[in-house]
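Biologist: Please take me through this model one element at a time, and state each criterion where you first rely on it.

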Amino acid sequence: MITPVNIEDATAESVKIESPQPNPFDKEFEVSYSVPQEGKAVLKLMNLKGEILHTEEADCSKQTEQHFRFKAEPELKPGVYFFQVAQNENSDHVKLIKRL
């Protein structure tokens, strides 16, 4: 049996990340995201191996668009990275590309 799901209800209950700008990036990027509940969210930048390069906690308002700006350190080499936002059991991630 297939049960229909209201898409608005489903998205309101999950973490959502908008496309990072710019992507590919040189020195910095900005990401907009929303979370389903008020409270802490964990933000992570990881490499292809899954190694965490940067992590921080953010205080978030429920379903209010949040912004994160990351300035790439000189040691962040050109390549593919992943940015993740997690809150409780919910998470989302996007792929980022750092240019030469």
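Biologist: In what order do the three strands of the open sheet stand, and what is their pairing?
Modeller: This is a predicted model, in which local features need pLDDT of at least 70, side-chain atom pairs count only at pLDDT 80 or more, and totals for chains, interfaces and linings use all residues. Residues are numbered from 1 along each chain as its sequence is written, and side-chain values use heavy atoms, with hydrogens and water left out. Helices (H or I, at least four residues) and strands (E, at least two) are DSSP runs numbered from the N terminus, and two strands pair if DSSP finds at least two bridges between them. On these terms the three strands form an open sheet in the order β1-β2-β5, and the pairing is antiparallel.

Biologist: Which are the edge strands of that sheet?
Modeller: An edge strand here pairs on one side only. β2 and β5 run antiparallel and are joined by six bridges, with Phe-29 standing opposite Phe-70 in β5. The edge strands are β1 (16-17) and β5.

Biologist: By what average angle does the open sheet of four strands twist from one strand to the next?
Modeller: The order of this open sheet is β4-β3-β6-β7, with antiparallel pairing. β4 (52-60) and β7 (90-98) each have a single partner strand, so one side of each is left without a neighbour in the sheet. With axes taken as lines fitted to C-alpha atoms (for helices over the stretch in contact) and angles running from 0 to 180 degrees between N-to-C directions, the twist from one strand to the next averages 20°.

Biologist: Over how many bridges do β6 and β7 pair?
Modeller: Val-85 has Asp-92 in β7 as its bridge partner, while Ala-86 stands opposite Ser-91 in β7. The hairpin of β6 and β7 has two residues between the strands, and Asn-88 takes a positive phi near 55° there. Strand β6 (residues 79-87) pairs with β7 in the antiparallel sense, and the number of bridges is nine.

Biologist: Which residue in β6 does Leu-45 stand opposite?
Modeller: Strand β3 (residues 39-47) pairs with β4 over eight bridges in the antiparallel sense, and on that side the bridge partner of Leu-45 is His-54. β3 also pairs with β6, again in the antiparallel sense, over six bridges. In β6, the residue opposite Leu-45 is Phe-83.

Biologist: How are the rings of Phe-29 and Phe-70 placed: stacked, edge-to-face or tilted?
Modeller: Rings of Phe, Tyr and Trp (its six-membered ring) pair if their centres lie within 6.5 Å, with planes under 30 degrees apart counted as stacked, over 60 as edge-to-face and the rest as tilted. By this rule the count comes to five aromatic pairs. The centres of the Phe-29 and Phe-70 rings are 5.5 Å apart and their planes stand at 35°, so the pair is tilted.

Biologist: How many residues apart are Phe-29 and Phe-70, and what parts of the chain hold them?
Modeller: Phe-29 lies in strand β2 (residues 28-34) and Phe-70 in strand β5 (residues 66-71). The pair thus links distant parts of the chain, and the separation is 41 residues.

Biologist: Is Phe-70 buried or exposed?
Modeller: Buried means under 20% relative accessible area, exposed over 50%, and partly exposed in between (1.4 Å probe, protein chains only). Phe-29 has a relative accessible area of 2% and is buried. With a relative accessible area of 4%, Phe-70 is buried.

Biologist: Which residues do ring pairs link into a cluster?
Modeller: The rings of Phe-68 and Phe-70 have their centres 6.3 Å apart and their planes at 25°, so that pair is stacked. Phe-68 is buried, with a relative accessible area of 6%. The cluster linked by ring pairs consists of Phe-25, Phe-29, Phe-68, Phe-70 and Phe-83.

Biologist: How far apart in space are Glu-73 and Lys-27, C-alpha to C-alpha?
Modeller: Glu-73 sits in the loop between β5 and β6, where its relative accessible area of 32% makes it partly exposed. Although Glu-73 and Lys-27 are 46 residues apart in sequence, their distance in space, C-alpha to C-alpha, is 7.8 Å.
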